[in-house]
Amino acid sequence: MRTLGFIGTGNMGSALAAAAAKNPENRLLLSNRSRKKAEALRERIGGEVTDNCGAANADYVFLGVKPQMLPEAAPELKDVLADMIVPPIVVSMAAVTSISRIKELLGVHIPIIRIMPNTPVAIGEGIILYACSGEVTSAAEADFLSAMSAAGRFVKVEERLMDAGACISGCGPAFVDLFIEALADGGVACGLPRALALELAAATVSGSARLMLETGKHPAQLKDEVCSPGGTTIQGVRALEKGGLRSAVIEAVISAYHK
Ligand SMILES: NC(=O)c1ccc[n+]([C@@H]2O[C@H](COP(=O)([O-])OP(=O)(O)OC[C@H]3O[C@@H](n4cnc5c(N)ncnc54)[C@H](OP(=O)(O)O)[C@@H]3O)[C@@H](O)[C@H]2O)c1
């Protein structure tokens with residue numbers, strides 16, 4: 001049995017806590033500035049509601065507050081952690097906040113796992129990029145991955161690549177949502193009912209992505225396999241190229257990265 005404390009049970013904190021709750025080896029401590037939010041989460045997934053210092057008395061402490069709120073939340077945590085003989089592993093999900101910045105806020109000796117989850121964590125289909133500070137042993141890393149396996153696929157990256165990776169996996173759901181909506185709009189323009197068009201569009205994106213991941217085929221090869229000579233699909237591909245789809249997507253990732 002291990003204890004996981006969640007400080008900040010907003011959108012992402014609660015999605016990760018819900019994934020953690022699926023593992024019977026995990027005991028959950030939930031803390032949020034507005035206590036009602038943590039209580040509502042407890043009703044849904046179980047666990048105990050406590051305050052931030054209470055949630056720090058855990059094996060893993062998840063920081064789920066917005067990055068700009070960290071300097072406000074950190075001082076009391078730093079004091080609690082300094083008094084502990086074996087400090088917990090702090091798991092930070094804060095965007096664009098480095099491991100060294102978290103150490104600056106909480107103490108240099110604290111083991112940190114920096115993660116960058118995305119919204120499909122809520123259904124166990126997330127991509128969670130992660131990097132560990134030097135204090136995290138390989139046994140602790142393996143235990144963390146086991147504790148959180150219901151959240152989705154964990155991908156270890158060098159910390160310097162985390163922001164770039166996040167522009168695909170973290171921002172990507174919004175980009176893909178735009179594509180799904182546009183695909184459905186096209187169907188509606190051709191006479192399909194909206195709900196049916198959305199269902200077809202979303203399932204097509206999901207199935208195509210899965211096909212690529214499971215076959216290991218390059219997307220260009222999969223595209224070529226659908227485009228019969230003189231057929232309908234290649235005409236659609238021509239329209240997408242004319243509209244600059246690829247360039248627009250590349251620019252979207254780079255714009256997010258520069259921001
Ligand atoms: N959402 C995403 O897709 C996503 C993806 C990757 C990473 N992240 C990261 O996840 C973190 C949370 O983002 P979010 O989207 O989940 O934000 P959110 O929904 O606003 O959640 C933040 C939560 O933190 C609570 N909070 C604020 N100050 C606190 C304090 N001092 N002590 C305890 N709780 C406090 C807030 O409580 P109140 O209810 O009182 O405001 C709120 O419930 C951020 O660091 C973000 O960069 C988010």
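A short exchange about those labels follows.

Modeller: This is a predicted model, where local features need pLDDT of at least 70 and side-chain atom pairs count only at pLDDT 80 or more, while totals for chains, interfaces and linings use all residues. Residues are numbered from 1 along each chain as its sequence is written, and side-chain values use heavy atoms, without hydrogens and water.

Biologist: Why is Val-249 called partly exposed?

Modeller: Buried means under 20% relative accessible area, exposed means over 50%, and partly exposed is in between (1.4 Å probe, protein chains only). Val-249 has 42% relative accessibility, so it counts as partly exposed.

Biologist: Which residues of helix H6 are buried?

Modeller: In H6 (residues 138–147), they are Ala-140, Glu-141, Phe-144 and Ala-147. A helix here is a DSSP run of H or I with at least four residues, numbered from the N terminus.

Biologist: What puts them on the same side of H6?

Modeller: They cover an arc of only 125° around the axis, so they share one side of H6. The arc is taken from the directions from the helix axis to the C-beta atoms. Ser-138 and Ala-139 are exposed on the other side of H6.

How values were computed: Helix = DSSP H or I, 4+ residues; strand = E, 2+ residues; numbered from the N terminus.
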